[in-house]
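Please open the model in your viewer and keep the sequence at hand.

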Amino acid sequence: MSARIFATAARTAVRSAAPRAFAVQAARPMSLLAKSVQTTAVKSTIAQQVRGYKTLDFGGTKEVVYERSDVPREKLLETFKDDTIAVLGYGPQGRGQALNLRDNGVNVIIGQREGKTYQQAVEEGWVPGKNLFPVLEATEKGSVVMNLLSDAYQKAIWPEMAPLLTPGKTLYFSHGFSVVYKDQTNVIPPKDIDVVLVAPKGSGFTVRRLFQEGRGINSSFAVFQDASGKAKDRTIALGVGIGSGYLYETTFSKEVHSDLVGERGVLMGAIQGLFQAQYEVLRANGHSPSEAFNETVEEATQSLYPLIGEKGLAYMFANCSTTAQRGALDWWKPFYTASKPVFEDLYESTRNGSETARSLDRNSKADYREKLEAELREISDSEMWRAGETVRSLRPENQ
Ligand SMILES: NC(=O)c1ccc[n+]([C@@H]2O[C@H](COP(=O)([O-])OP(=O)(O)OC[C@H]3O[C@@H](n4cnc5c(N)ncnc54)[C@H](OP(=O)(O)O)[C@@H]3O)[C@@H](O)[C@H]2O)c1
């Protein structure tokens, strides 16, 4: 996803919504995420409740989840009272996580190279020489080093960063990429530090926005190396500090594989492929751009997908006509049969490292940002998305 698109949206959001402190989150009785977990899981069983975390039944499998209330503000501040948390990178994730930690009262500094993103950090209250530094200087100062640089740059800077990760420090990631694909990245952390991960299930922009709304994002977390003996508790506390509502335990390896598949698949890649294919077939059969767009994208995002988010797919189906239900029940299987081999190829391509190799190769080039933006423009300039611009402008709320 283009960091620049997010950066622009983020700038707009930060101007329109003043940061709100931890107290705002805590004051809310229950987030929407909490409610949805309750609806889908808690109804059946809360098998046990130990020290505030819960074992819940997820469709027949029991899993432990941790939540914000497990780490009240006093506990968060106590946990990191002797720490300097260095957030490296002020891209979408770095920005969202750093601002949330700052609003929660934790001692945070930023490591960011000079340029447009650095200027944004200054505009948002980070002060050069006080809590805004070059990347390696922040690494040196931090006792918790949150590596939120791009995955390609994490590889490039590792030889200079590794010697600064002295015994007792914590190295934190939001993706298992660099550590799991060490054969490609050479990121092999020293043995005497904690190495942990909290991966929000959404963009950094959403991490910030949900926090400002008093809600919280779902995140997974993992401990790769526990030198301190306290890594798990500290990781859960970090997860809460960055704005997570619920935290699900995983491993670095599981996180990286599921994340790479998800973004290439249903979350981003597959959705554009499906939209484009249906739109083209409608257009080839004489439908106007507005009709093809409304029937492919607008109805999905404005009417039907929010229903899936609320109460699941059967609920969405049940709220459509019986004609629509009959057709959808007949046709989901051919789509499933056609796409399952593509998902299997995708998983294999992730597992065998070819996805990460391509990503590192392309995103390490000096002009990678321009190249990504040119490819994104091909999508936004296509007839379907240009038609969408007009359709969106005609929504009553945009009149
Ligand atoms: N985006 C998501 O949805 C998401 C979700 C969960 C986890 N993550 C993970 O979070 C981490 C950060 O991702 P992100 O979304 O914030 O954006 P990103 O675009 O992957 O990273 C942006 C940061 O990296 C810096 N950077 C990139 N190339 C650089 C270079 N050559 N020299 C110095 N700095 C460089 C950028 O600085 P400039 O702006 O100056 O280029 C910016 O601070 C990644 O590990 C990612 O996988 C992302």
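Which polar side-chain atom lies 3.5 Å from a nitrogen atom of the ligand? Select Tyr-368: a polar atom of the Tyr-368 side chain is found at that distance, 3.5 Å, from the ligand nitrogen. Such a polar contact is a pair of N or O atoms within 3.5 Å; within protein, one must be able to donate a hydrogen and the other to accept it, and residues adjacent in sequence count only if both atoms are side-chain atoms. On its own the ligand has 890 Å² of accessible area, of which the protein covers 83% (Shrake-Rupley method, 1.4 Å probe; for residues, only the protein chains shown count as cover).

Before continuing, note that this is a predicted model, in which local features need pLDDT of at least 70 and side-chain atom pairs count only at pLDDT 80 or more, while totals for chains, interfaces and linings use all residues. Residues are numbered from 1 along each chain as its sequence is written, and side-chain values use heavy atoms, with hydrogens and water left out.

**The ligand shell**

At Gln-112, a polar side-chain atom lies 2.6 Å from a ligand oxygen. At Gly-91, a backbone N or O atom is 3.4 Å from an oxygen atom of the ligand.

Helices (H or I, at least four residues) and strands (E, at least two) are DSSP runs, numbered from the N terminus.

**The strands**

Move to strand 2 (residues 53–58) and strand 3 (residues 61–67), which pair in the antiparallel sense over five bridges; pairing requires at least two DSSP bridges. Thr-55 has Val-64 in strand 3 as its bridge partner. The two strands form a hairpin with two residues between them, and Gly-59 in the turn has a positive phi of about 55°.

Tyr-246 in strand 11 stands opposite Glu-67.
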